[in-house]
Amino acid sequence: MARLTINGQSHSVDVDPDTPLLWVIRENVGLTGTKYGCGIAQCGACTVHVDGEAVRSCSLPVSAAEGQQITTIEGLASGATLHQVQKGWVDHDVPQCGYCQAGMIMAVAALLKDKPKPTDADINDVITNICRCGTFQQVRAAIHAAANA
Ligand code: FES
Ligand code: FES
């Protein structure tokens, strides 16, 4: 049994403690905005926040997230008000197929919390998420727009 707080709601799930957090979020809790890409912490599609830090949830055992505040893409906006990163994404038409984008947005939201005005070098260092559609130029533009919003 694991007790989790996801997007401010408590969940008790009957899973092995070694189960990756990503599976629990998707399969047990039913929040499918967070995606599975590689399963080995390389692509970033599964990025969520754990106590405000960007974490690749495919590679974090659920037991390591107990007692912490987990935020998924479904919980990033404040009610009907989009997060500044989501607004930047809409304004710059960033997504193509969209598969990587929830993880990308969560990674960027954590970056802007740490560095409200990131340089291109900061972005290169931190945003290592992979987009097979090649949206990297739009991602960069939307990050700068969100930082200046
Ligand atoms: S699915 Fe987690 S990093 Fe790729
Ligand atoms: S928008 Fe398609 S993988 Fe990134």
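A: Helices (H or I, at least four residues) and strands (E, at least two) are DSSP runs, numbered from the N terminus. Val50, for instance, lies in strand 3. This is a predicted model, in which local features need pLDDT of at least 70 and side-chain atom pairs count only at pLDDT 80 or more, while totals for chains, interfaces and linings use all residues. Residues are numbered from 1 along each chain as its sequence is written, chains are lettered from A and ligands numbered from 1 in the order in which they are written, and side-chain values use heavy atoms, with hydrogens and water left out.

Q: Is Val50 buried or exposed, and which residues is Val50 in contact with, leaving aside its neighbours within four places in sequence?

A: Buried means under 20% relative accessible area, exposed over 50%, and partly exposed in between (1.4 Å probe, protein chains only). Val50 has a relative accessible area of 7%, and therefore counts as buried. Contact means heavy atoms within 4.5 Å, and, with neighbours up to four places away in sequence set aside, Val50 is in contact with Leu21, Val55, Leu60, Gln68, Gln69 and Ile70.

Q: Which residues of helix 1 are buried, and what covers them?

A: In helix 1, which spans residues 21–28, the buried residues are Leu21, Leu22, Val24 and Ile25. Their cover includes strand 1 (2–6), strand 2 (9–13), strand 3 and strand 5 (69–71). Just after helix 1 comes Gly30, with a positive phi of about 85 degrees.

Q: Where else does phi take a positive value, in a residue other than glycine?

A: Most residues other than glycine have a negative phi. Ala41, in the loop between helix 1 and strand 3 (47–50), has a positive phi near 65 degrees, and this residue is partly exposed at a relative accessible area of 29%. Asp51, although not a glycine, has a positive phi of about 50 degrees; this residue lies in the loop between strand 3 and strand 4 (53–56), and its relative accessibility of 44% makes it partly exposed. Just after helix 2, Asp93 likewise takes a positive phi, of about 45 degrees.

Q: Which residues touch the most other members of the largest nonpolar core?

A: A nonpolar core is a set of buried Ala, Val, Leu, Ile, Met, Phe, Trp, Tyr and Cys residues joined through side-chain atoms within 4.5 Å. The largest one here has 23 residues, of which Val85, Trp89, Met104, Val108, Leu112, Ile127 and Ile143 touch the most other members. Helix 2, helix 3 and helix 5 are the elements that give this core two or more residues, and helix 3 supplies the largest share, nine residues. Apart from this core lies another, of 17 residues, among them Val15, Val50, Val55 and Leu60.

Q: How do helix 3 and helix 5 meet, and at what angle do their axes cross?

A: Two packed helices are described by the angle between their axes and the distance between the axes. The axes of helix 3 and helix 5 come within 11 Å and cross at roughly 35 degrees (axes are lines fitted to C-alpha atoms, for helices over the stretch in contact, with angles from 0 to 180 degrees between N-to-C directions). Met104, Val108 and Leu112 of helix 3 make this contact with Phe136, Val139, Ile143, Ala146 and Ala147 of helix 5.

Q: Where is His92 placed, and which residues is His92 in contact with, leaving aside its neighbours within four places in sequence?

A: His92 sits in the loop between helix 2 and helix 3, and is partly exposed, with a relative accessible area of 31%. Neighbours within four places in sequence aside, His92 is in contact with Gln138, Ala141, Ala142 and Ala145. Ala145 is found in helix 5 and, at 29% relative accessibility, is partly exposed.
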